[in-house]
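Hi,

Here is the structure I promised to pass along. Have a look at it first, and then read on for what turned up when I went through it.

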Amino acid sequence: MGRPWSLRPATPADADWLADLKALTMRPDLERLGLWDHDWARRRFLDTYIPANTDIIEIDGKPAGVIAVRAETDAQWIEHFYLAPAAQGRGIGGQVLRHVMDAHRDARPFRLAIDRGSAARRLYERAGFVHLYDDANGVDQIFGAPGES
């Protein structure tokens, strides 16, 4: 039996439901940090959404998440990695992350930012990411994984 998920390229038409997904999945961390604002969470996603960098995660043929890779000169940034709560806890996030990293792997290291204290940290550490530094904004922690040629 094949894996229960697949990826498809994102389109501009995906923006609204993805912004809602971000707000839904980020709400617990943002509330814990005292930063919850639904409109701000949506706007922050929409302001940085680049469909060409983004894949939609489909589970059993239905959209259930998103992951993006933003290439910079010195690193590749994993961004907008959200999986619907109903799809979490089944190992899908780790599988998707490994697949996307393998597909984009080159000499540059991978980087990502997570909210301080986020449960997502365990997923990233299992994938080889290590804490590099705390962002000056006091909320984000920057993690990195080595690049391979």
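**The cores**

The largest nonpolar core has 23 residues, and the ones touching the most other members are Ile59, Ile78, Phe81, Val96, Leu97, Tyr124 and Phe129. Bear in mind throughout that this is a predicted model. Two or more residues of this core come from each of β2 (54–59), β3 (62–71), β4 (76–83), α3 (92–104), β5 (110–115), α4 (120–126) and β7 (140–145). Helix α3 is the top contributor, giving five residues.

Leaving out residues up to four places away in sequence, Val96 touches Trp5, Leu7, Ile57, Ile67 and Phe81. As a general matter, nonpolar side chains in soluble globular proteins tend to be buried together.

**The chain as a whole**

Stepping back, you'll find four helices and seven strands, and in sequence order they run β-α-α-β-β-β-α-β-α-β-β. The chain has 149 residues, of which 42% count as buried. If you take contacts between residues at least 6 apart in sequence, 62% of them join residues at least 24 apart.

Start with aspartate 14, in the loop between β1 (5–9) and α1 (15–32). Is Asp14 buried or exposed? Its relative accessible area is 6%, so aspartate 14 counts as buried, the cut-off being under 20%. Setting aside neighbours within four places in sequence, aspartate 14 contacts Arg8, Pro9, Tyr49 and Ile56.

Finally, the surface. Val130, Leu132 and Tyr133 make a nonpolar patch of about 270 Å². Tyrosine 133 belongs to strand β6 (residues 130–134). With a relative accessibility of 43%, tyrosine 133 counts as partly exposed.

Happy to talk any of this through once you've had a look.

Cheers

Technical notes
Residues numbered from 1 in each chain as written. Predicted model: local features only at pLDDT ≥ 70, side-chain atom pairs only at ≥ 80, totals over all residues. Heavy atoms only, no water. Patch = residues over 30% accessible without salt bridge, like charges linked within 9 Å, V, L, I, M, F, W, Y side chains within 5 Å. Areas by Shrake-Rupley, 256 points an atom, 1.4 Å probe, with all protein chains shown as cover. Salt bridge = Lys/Arg side-chain N within 4 Å of Asp/Glu carboxyl O. Buried < 20%, exposed > 50% of the residue type's maximum accessible area, 1.4 Å probe, protein only. Contact = heavy atoms within 4.5 Å. Core = buried A, V, L, I, M, F, W, Y, C linked by side-chain atoms within 4.5 Å.
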